[in-house]
Amino acid sequence: METELLGDVVIIFVLSSAVLFLFHRIRLPAILGYLITGIIAGPQCLGLIRSLDQVAVLAEIGVILLLFTVGIEISLKDLLQIKRFVLVGGFLQVLFTTLAVVFILVNLGRPFGEAIAIGFMVSLSSTAIVLRIIQQRGEFDALHGRTILGILIFQDVIVVPMMLLIPMLPGAAVATAESPIFIIIKAALLIAVVIAGAKWAVPRILYQVLKTRDHELFLLFTVGMCFAIAWISSFVGLSLGLGAFLAGLVISESPYSLHAIGNIRPLRDAFSSFFFVSIGMLLDLDLLMKNTAYIIALSICVILIKTIACGLATSLIGLPTRLVVLVSLALSQVGEFSFILSKVGLDAGLLSHEVYQLFLDVTVLTMAATTFMIAISHRVAAGISQLSRYDALERIGKQHALKDHLIIVGFGVNGRNVAMAARAKGIPYVVVDLNPDIVKGCV
């Protein structure tokens, strides 16, 4: 069995290298290359991969390391700054998407319990894929990147109550075994312990580890802490990914976060490839070939529903049109945690095997489209915002009725300095910025 797994690892690495080299030459995204590798090597095509369960474990490790590095690259202070995007934006996005899916499916004659379960599944986006692309594009610290992160964090947290609710829905054949209140209490205790550790314990321990000047010891400690917190998170009923993200937040609060990310990144890149390949292996080519037009149409409908629902949610939290488009297109796919919910729905008797497999195919197609959706998002956002740009500037001019004044575009450090100089000289000015919090502070 060990030799068989090693052979599968060799196949994945060699085939991925060849596909990624080709995709690099034709300027296609690497993540799409991993998905194509999984389709080619999976059981539905050439059947090169035999140890499917073991490869799935390696893929889970990739997700853990990926979300661990995401947690390292932000801090608890940053998270508190985007709490409006997490609580309000995330809640509205999940609510609007779920309601839209339920309304459509119920009117198509599907059972109410099944419609809610599918609504939950569709409302989740791919944390692993989206954050990987955002990181590669260097947009993590941009306002739309922080909004995307906030909504994805809410989705990862809401997975837990969704998993508890699905067995309780009408039509479910299996009831949940544990009290939801007990799960929530355990989750709250875990988060409290993680926050306390980030503030007091971990920085002191890391300091002692680094005093040894042992590179291997530092690497083992950081990776071990990542998997320990992820395991504890899974043990109390939360997702492994959320636990890994919390572990990253712990490291981010220490002065040694940059050293940690430099050590973890090679491991992340190696293991995350297994995750994206495993997603491609889930695609049922036989079902896709027999129902190509139908599955593609469903995938397009899902992307449209999620884009519109997310656009409405982000509009209500005050984002300008350009950022609404960027966030909505980036979150238009179905996420990896939806696979977990779909399995819960299948085990609870809410989903038939045919619906389950159809959902997997649609999910993989929407994931494959993510790179293209994000790639075109800036052009689409520029085109849409261009239509209203002149009207907006005209409204600003009418509102202030100024003459011989400055228009300060962007209220960062340089913009604030220009404003201070203008005030000192008595020159009137107007500030234009995409960040609604900055604009509110200038009014």
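Student: Is Cys226 buried or exposed?

Tutor: Buried means under 20% relative accessible area, exposed means over 50%, and partly exposed lies in between (1.4 Å probe, protein chains only). Cys226 has a relative accessible area of 0%, so Cys226 is buried. Cys310 is buried too, at 0%.

Student: What should I know about the model before going on?

Tutor: This is a predicted model: local features need pLDDT of at least 70, side-chain atom pairs count only at pLDDT 80 or more, and totals for chains, interfaces and linings use all residues. Residues are numbered from 1 along each chain as its sequence is written, and side-chain values use heavy atoms, leaving out hydrogens and water.

Student: How many disulfides does the structure hold?

Tutor: A disulfide is a pair of cysteine sulfur atoms within 2.5 Å. The structure holds zero.

Student: How many helices and strands are in the protein chain?

Tutor: Both are DSSP runs, numbered from the N terminus: helices are H or I with at least four residues, strands are E with at least two. The protein chain has 20 helices and two strands.

Student: What share of the residues is buried?

Tutor: The chain has 443 residues, and 49% of them count as buried.

Student: How large is the largest nonpolar core?

Tutor: A nonpolar core is a set of buried Ala, Val, Leu, Ile, Met, Phe, Trp, Tyr and Cys residues joined through side-chain atoms within 4.5 Å. The largest one here has 124 residues. Among those with the most contacts inside it are Phe68, Ile148 and Leu331. Helix 3 (residues 52–72) gives the largest share of this core, 11 residues.

Student: Which residues does Thr97 touch?

Tutor: Contact means heavy atoms within 4.5 Å. Start with the place: Thr97 sits in helix 5 (residues 83–107). Thr97 is buried, at 0% relative accessible area. Not counting residues up to four places away in sequence, Thr97 touches Val122, Ser123, Lys306 and Ala309.

Student: Where is Gln155, and what is in contact with it?

Tutor: Gln155 lies in helix 8 (residues 143–165). Gln155 is also buried, with a relative accessible area of 0%. Leaving aside neighbours within four places in sequence, its contacts are Gln93, Val94, Ser123, Leu124 and Ser125. Now look along the chain. Phe337 is 182 residues apart from Gln155, yet their C-alpha atoms are separated by 9.1 Å.

Student: How many salt bridges are there?

Tutor: Side chains of opposite charge can pair when their charged atoms come close. A salt bridge is a side-chain nitrogen of Lys or Arg within 4 Å of a carboxyl oxygen of Asp or Glu. The whole structure has four. One of them joins Arg110 and Glu114, with the closest N and O atoms 2.7 Å apart. Arg110 is partly exposed at 37%, while Glu114 is buried at 6%. Another joins Arg268 and Asp269, at 2.9 Å between the closest N and O atoms. There, Arg268 is buried at 7%, and Asp269 is partly exposed at 29%.

Student: Which residues form a nonpolar patch on the surface?

Tutor: Patches are made of residues with over 30% relative accessible area and no salt bridge; like charges are joined within 9 Å, nonpolar side chains (Val, Leu, Ile, Met, Phe, Trp, Tyr) within 5 Å. Accessible areas come from the Shrake-Rupley method with a 1.4 Å probe; for residues, only the protein chains shown count as cover. Leu22, Ile26, Leu28 and Phe372 form such a patch, with about 340 Å² of accessible area together. Phe372 is in helix 18 (residues 370–400) and is partly exposed at 39%.
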